[in-house]
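Subject: Structure handover

Hello,

Here is the structure I promised to pass on. My notes on what turned up follow below it.

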Amino acid sequence: MGVAAGPIRVVVAKPGLDGHDRGAKVIARALRDAGMEVIYTGLHQTPEQIVDTAIQEDADAIGLSILSGAHNTLFARVIELLAERDAADIKVFGGGIIPEADIAPLKEKGVAEIFTPGATTASIVEWVRTNVREPAGA
């Protein structure tokens, strides 16, 4: 959160009823291999559980993986809960099967970035490194 010392801390979560977690696990491993601390919440997490975990773990970011089609509802609820809990400085990014037409509205709601199928792990790692924390002295 903010300009913290130490590695970037990312909660990777699978909200809702979607039971396919291979992509989330690949991203979690790529972030870990890049030197970040990753907390993987497992399947079927509620937005409340995800936000609670992020706050308890002092996370810098939450990465959501959604394939179920419920991205508009679930992303919005996570953003809303972060604001309610005075934790809006935790950046939210995500990926999965998200139609192009839904990306701009999600960003307007506060989602920092959306990665669609075909995004490389290297591009996601680089985005997190570049965008999750403010540069020192900023």
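Is Asp52 buried, partly exposed or exposed? Asp52 has 29% relative accessibility, so the residue counts as partly exposed. Throughout, buried means under 20% relative accessible area, exposed means over 50%, and partly exposed lies in between (1.4 Å probe, protein chains only).

First, the ground rules. This is a predicted model, in which local features need pLDDT of at least 70 and side-chain atom pairs count only at pLDDT 80 or more, while totals for chains, interfaces and linings use all residues. Residues are numbered from 1 along each chain as its sequence is written, and side-chain values use heavy atoms, with hydrogens and water left out. Helices (H or I, at least four residues) and strands (E, at least two) are DSSP runs, numbered from the N terminus.

Salt bridges

Asp52 has a partner in Arg85. Their side chains form a salt bridge, at 2.4 Å from N to O. A salt bridge here is a side-chain nitrogen of Lys or Arg within 4 Å of a carboxyl oxygen of Asp or Glu. Arg85 is partly exposed, at 42% relative accessible area.

The whole structure holds twelve salt bridges. Another one joins Arg77 to Glu48, with the closest N and O atoms 3.2 Å apart. This pair also links distant parts of the chain, from helix α3 (Arg77) to helix α2 (Glu48), 29 residues apart. Arg77 is partly exposed, with a relative accessible area of 26%. Glu48 counts as partly exposed too, at 33%.

Arg77 has a further salt bridge, to Glu80, where the closest N and O atoms are 2.1 Å apart. Arg77 and Glu80 are three residues apart in helix α3, so about one helical turn separates them. Glu80 is partly exposed, at 40% relative accessibility. Through shared partners, salt bridges join Glu48, Arg77, Glu80 and Glu84 into one network.

Nonpolar cores

A nonpolar core is a set of buried Ala, Val, Leu, Ile, Met, Phe, Trp, Tyr and Cys residues joined through side-chain atoms within 4.5 Å. The largest one has 24 residues. Ile62, Leu64, Phe75, Val78, Leu82, Val92 and Ile114 touch the most other members. At least two residues come from each of β1 (9–13), α2 (47–56), β3 (61–66), α3 (71–84) and α4 (100–109). The largest share, six residues, is from α3.

Take Leu82. Leaving aside residues up to four places away in sequence, Leu82 touches Val51, Ile62, Ala87, Ala88, Ile90 and Val92. Contact means heavy atoms within 4.5 Å. Apart from this core lies another, of 17 residues, including Leu31, Met36, Ala61 and Phe115.

Helix α4

Which residues of α4 are buried? They are Asp102, Ile103 and Leu106. These three cover an arc of only 115° around the axis, which puts them on the same side of α4. The arc is that of the directions from the helix axis to the C-beta atoms. On the other side, Ala101 and Glu108 are exposed. The buried residues of α4 pack against α3 and β5 (113–115). Just after the helix, Gly110 takes a positive phi of about 120°.

Aromatic pairs

Rings of Phe, Tyr and Trp (its six-membered ring) pair if their centres lie within 6.5 Å; planes under 30 degrees apart count as stacked, over 60 as edge-to-face and the rest as tilted. That gives three aromatic pairs. In one of them, the rings of Phe93 and Trp127 have centres 5.4 Å apart and planes at 50°, so the pair is tilted. Phe93 lies in strand β4 (residues 91–96) and Trp127 in helix α5 (residues 121–131), so the pair ties together parts that are 34 residues apart in sequence. Phe93 is buried, at 4% relative accessible area. Trp127 is buried as well, at 12%.

Trp127 also pairs with Phe115. This pair is edge-to-face, 6.0 Å centre to centre with 80° between the planes. Ring pairs link Phe93, Phe115 and Trp127 into a cluster.

Best wishes
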